[in-house]
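Morning, everyone. Let's take a quick look at some side chains today. Have the picture ready.

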Amino acid sequence: MNPAAGDGGLLARETAEAAARRSYGKLVAYLAARTRDVAAAEDALSQAFAAALSDWPRNGCPANPEAWLLTVARRRIIDDARSHHRHEVASERLENFAETLRAAGAEIPDQRLALLFACAHPAIDAAVRAPLMLQVVLGLDAKRIGSAFLISPAAMGKRLVRAKEKIREAGIPFRIPERAELPVRLEAVLDAIYAAFAEGWSDGSGTDVVRRDLAEEAIYLGRVVAELLPGQAEALGLLALMLHAEARRAARRNAAGEYVPLAEQDPALWNSRMIDEAEALLVRASELRSIGRYQIEAAIQSAHVSRRRTGQSNWAEVVALYDALLELSGSPVVAMNRAVAVAEWHGAAAGLAAMETVAHDPRFAEYQPYWAARAELLARTGAMEEARHAYDVAIGLERDEAVRRFLQQRQARLNSL
């Protein structure tokens, strides 16, 4: 291969990857909204990307990669449908579909929100609604989704396949639901957006382009939902929660790239504009008098901000908020975080006692934050051997190199005590 061809291939791949990060969900949503077949839309788009990696190095990258991909995917869907449906009615429907796609032109309408709500249809198993959204709208694979929901990738993959079949077989419409339908769908939509944000936020340094884009995309979708449904307190609460977390991104690593925990961060590095917006959203949400999980989580983040800025301890307030959140969710993760807050208020022994309520939950076997928190509390109580073991597990589970080094340093300190 000559150098020019090699450069063309690299440019083609980079252009395709950028288009996938920027528009994968938008393209799937647009195709699926017209076929009502999510799997077919994903397959066609996958083939379009494969075609791009073959065509673009030879003929150059198009000025509008998304429009090129949409055109190829459209042809794939039509060709496949024609091979299965020969009768006149099907052909007429296909022509209408093709004409609709051609009319999109350079501007592809963003129908991701409609697809999110379609994935939250009551006919789809509640446990798979949010994971389905993460895959088809945000492009996460079954492994990442399974990790977010503490489920094996194989089991998650099977659930996702069944859910897509349900959409096709039931003819579920792709639209924003009527007001009366929202309560049973909005929660799953918000859960998916937050899970996407959490996956993106886990890249504390912001050097992973895919994850950084994912966090930005989640905040964008959160804004769209909040603007569309300004009377839904939880939509406002979720946006406030994400903004509070994102505001601290610049403080999560020092100049050397090392991890900095919240308790040691410099508040001057936090994004004040985001924090102010988050606080204003919380006030608006509280005025609606409909308390929910995301508002409480955002309030917890607000309490952390207040403590770090003022230097005044407010752990009693934080524990009270966790009590309310645990009452609402019953989540073992919430119980674990509450135990950490109890440790700050009443001491490490009290925190460990509170943590025992979830210590035997099998989902925590590979949940790194649990082991890291347990290691810290054990070390504070002087249970050094148990603490070393907990650190070993946490270090083994951690994917972020900077956080792994931080945990190793904490573990090394035990040897000097």
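Start with a cluster: ring pairs link F364, Y367, Y370 and W371. Keep in mind that this is a predicted model.

Take one pair from that group. The ring centres of F364 and Y367 are 5.5 Å apart, and their planes meet at 15°. Planes under 30 degrees apart count as stacked, so F364 and Y367 are a stacked pair. Are these two residues buried or exposed? Both F364 and Y367 are buried.

W56 and W68 have ring centres 5.2 Å apart. Their planes sit at 70°, so this pair is edge-to-face. Now, where are they? W56 is in helix α2, residues 38–59. W68 is in helix α3, residues 65–84. So the pair ties together parts that are twelve residues apart in sequence. W56 is buried, with a relative accessible area of 1%. W68 is partly exposed, at 22%.

Next, charges over rings. R252 lies over the face of W201, 3.7 Å from the ring centre. R307 does likewise with W315, at 4.0 Å from the ring centre.

Last stop: E297. Find it in helix α13, which runs over residues 293–310. Why do we call E297 buried? Its relative accessible area is 15%, and buried means under 20%. Which residues does E297 touch, leaving out those up to four places away in sequence? They are Y194, L241 and L325.

That's my tour. Thanks.

Technical notes. Residues numbered from 1 in each chain as written. Predicted model: local features only at pLDDT ≥ 70, side-chain atom pairs only at ≥ 80, totals over all residues. Heavy atoms only, no water. Helix = DSSP H or I, 4+ residues; strand = E, 2+ residues; numbered from the N terminus. Buried < 20%, exposed > 50% of the residue type's maximum accessible area, 1.4 Å probe, protein only. Contact = heavy atoms within 4.5 Å. Phe/Tyr/Trp six-rings, centres within 6.5 Å; stacked < 30°, edge-to-face > 60°. Lys NZ or Arg CZ within 6 Å of the ring centre and 35° of its normal.
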